[in-house]
Amino acid sequence: MAKPISQGSVGSITLMSWNVNGIRAIGNKGFVEWLAEAQPEILCLQETRARPDQIDPALLEPEGYNAIYHPASRAGYSGTALLSRIEPNSVYTGVGDEIFDDEGRTIIAEYDQFTLVNCYFPNGGRDHSRVQFKLDFCDAFLKRCESLRTGGRGVIFCGDVNTSHKEIDLARPGPNRTRTGFLPEERAWIDRVVDAGWIDTFRLLHPNETERYTWWHMVSGARKRNVGWRLDYFFVSPELKERVLEATILDQVLGSDHCPVGLTLAIG
């Protein structure tokens, strides 16, 4: 177990989130070295696709980090992880519904100054066969996040939402209107999130910035041409809005079909 740093020892805290498209695969692509250089206080991972006993020890709990894993019951599928230099006060998994929680999609960690929710949202499927499942999950997820806000507690949720919100958030909105990830009903759910007061931190600080994406189709060479989608987010509840110092897309970081995204908050 890593030695935790104090929750009150720094004036700001950097969190990152990354869909790694298989933690064992990215382990062979310089992940541990990247983490040692980047050194976020907290790193949320999605699509880990492995049980802890399948992961090399150096990758399972990198030096300086405590690690929490929530794998899916189905082998080689979905899964989330939380790597934290700050030991959480408590950790929960799931949104409270077995049909969703069986897929290892959500980790909730309580820290002194906020609650963090790491999540990997379902993909609706090329044939749209899982769109309703995705929307049902979204509803359950938002209900769970809203419940965490009771008493005025600041909440952060992050991860691969598997949806681009606005036309600015993907390179080719027109041809993708009938594709999952940009369907009207999927985008409407993010509208509901914003209407409930949640803040997309990247758009808070970069409201009009274009060509900033977090996912690219691997087969088509889309990343080289920057034909991408912004699918990965950090949202904060209104209580934390004034603490947002920086929101980043680390699109120079390779190793997955997604890139990491970051959030720096003032604390203390």
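**Aromatic contacts**

I looked up Phe31 and found that it counts as buried, since its relative accessibility is 1% (buried means under 20% relative accessible area, exposed over 50% and partly exposed in between, with a 1.4 Å probe and protein chains only). The model is predicted, so I noted that local features need pLDDT of at least 70 and side-chain atom pairs pLDDT 80 or more, while totals for chains, interfaces and linings use all residues. Residues are numbered from 1 along each chain as its sequence is written, and side-chain values use heavy atoms, without hydrogens and water. Trp18 is also buried, at 1% relative accessibility.

I then took up ring pairs: rings of Phe, Tyr and Trp (its six-membered ring) pair if their centres lie within 6.5 Å, and planes under 30 degrees apart count as stacked, over 60 as edge-to-face and the rest as tilted. My search of the whole structure returned 15 aromatic pairs. Trp18 and Phe31 form a tilted pair, because their planes meet at 40°, with ring centres 6.1 Å apart. This pair ties together parts 13 residues apart in sequence, because Trp18 lies in strand 1 (residues 12–19) and Phe31 in helix 2 (residues 31–38); helices (H or I, at least four residues) and strands (E, at least two) are DSSP runs numbered from the N terminus.

I checked Phe100 and Phe137 next: their planes stand at 85° and their centres 5.4 Å apart, so the pair is edge-to-face. It links helix 4 (residues 98–101), which holds Phe100, to helix 5 (residues 131–148), which holds Phe137, across 37 residues. Phe100 is buried at 5% relative accessibility, and Phe137 is buried at 1%. Both belong to one aromatic cluster, whose members include Trp189, Trp198 and Tyr233.
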